[in-house]
Structures are given as C-alpha cells and as structure tokens.
Amino acid sequence: MRTSRLRTVHPVLWTGWAALAAGAVLCVVGWYGVSGERFAERQLPYLASCTVPGAALIVSGAVLLAHGRGSIAAARVEELYGLLVAAEPDGPQGCAGTGQAPLAPLAVSGERLMVPGGTLWHRADCPLVAGKAEAVPVHSKLVASGELGPCPICEPTGETD
C-alpha cells in the first residue's frame, strides 16, 4: 500500500537558494566595481560592501541547503519507519515473550559453496549463491586456513568435505 502525501514547500530550501542567488549577485557587483578602479584604496569599499557579504551569503545558503535536505531525509526515514511498524505481522510470541520471532538460518543444506574471488563460504541453498552457475564447492583447506569466512546470512557451520 502506498500512501500519498502532499509535497510541501520547504522554507529552509527556498531561503538557501535565495541566499545563494543574492550572494552571487553581490560578488558579481563587487567584482565589477573592483575591476573599474585602478588604486587599491578605491577597490576596498567594493570588497567590504559587496564581495565579502556576497561570499558570506553563499556560504550561509550552502549551509541552509545542506540542513534542509538533511531534515527532508530524516522526515522520509521517519515515514518509512512508520510504514514498517504498521506492516509488522501479528503472530505468536517468540523468544520467550519478547515479541520477536526466533531467529533461524535461511539455508539448511549440507553442501558448501563459494564464488571464485569471494571471501565467504555458503550453504548450497543460501540465497546469495543459489542458482549461480559460477558457484563451486569449497575446499576444506580454504576454510581451515582462514581465507574464507562463514556467510552471515546462511550461517554455515562445521567442516567441509
């Protein structure tokens, strides 16, 4: 189920864009004023009144845009969390009344496989290697030497052939 939500105007983002635009205009005006003056003492007023405030507005606009996008992302995460919690199945209590289902490995096959160039060994019915033609049987020397680690998804245990 997909919920529809009205896209709202985010004033922080609009303020950030306005500050960036105003800062760019002030920097251009300051540059134009400085470029028309030959002596440094006549260029300083343009630097003080246009270029420095323009640069400050550009920096503040960038900060506002970064903050605004971060708050939008946080709101989206909260919305997704709400959808996840609302979709939680109502089933029997597992794990001694904690409300969590008992954890079991996804795969239970006895054959061990690996993907050439990989760093993990898997059970044959692990979703990470199931159906992959390039998966090959694991040699016990690789597991014993520590070159391959057990897959955290299928949780293979014991020695291989």
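Residues 12–34 form a span that is 100% helix and 0% strand, where helices (H or I, at least four residues) and strands (E, at least two) are DSSP runs numbered from the N terminus. This is a predicted model, in which local features need pLDDT of at least 70 and side-chain atom pairs count only at pLDDT 80 or more, while totals for chains, interfaces and linings use all residues. Residues are numbered from 1 along each chain as its sequence is written, and side-chain values use heavy atoms, with hydrogens and water left out.

The unreviewed UniProt entry annotates residues 12–34 and 46–66 as "transmembrane region"; such annotations, given in the numbering used here with shortened feature names, may be inferred rather than shown by experiment.

| Span | Distance between end C-alpha atoms | Content |
|---|---|---|
| Residues 12–34 | 32 Å | 100% helix, 0% strand |
| Residues 46–66 | 29 Å | 100% helix, 0% strand |

Next, take a look at the sheet. Four strands make an open sheet in the order S3-S1-S2-S4, with mixed pairing; two strands pair if DSSP finds at least two bridges between them. Strands S3 (136–137) and S4 (149–150) are the edge strands, each pairing on one side only. Strand S1 (residues 112–114) pairs with S3 in the antiparallel sense over two bridges, and Val136 in S3 is the bridge partner of Met114.

Tyr81 has a relative accessible area of 52%, so it counts as exposed (over 50%; buried is under 20%, partly exposed in between; 1.4 Å probe, protein chains only).
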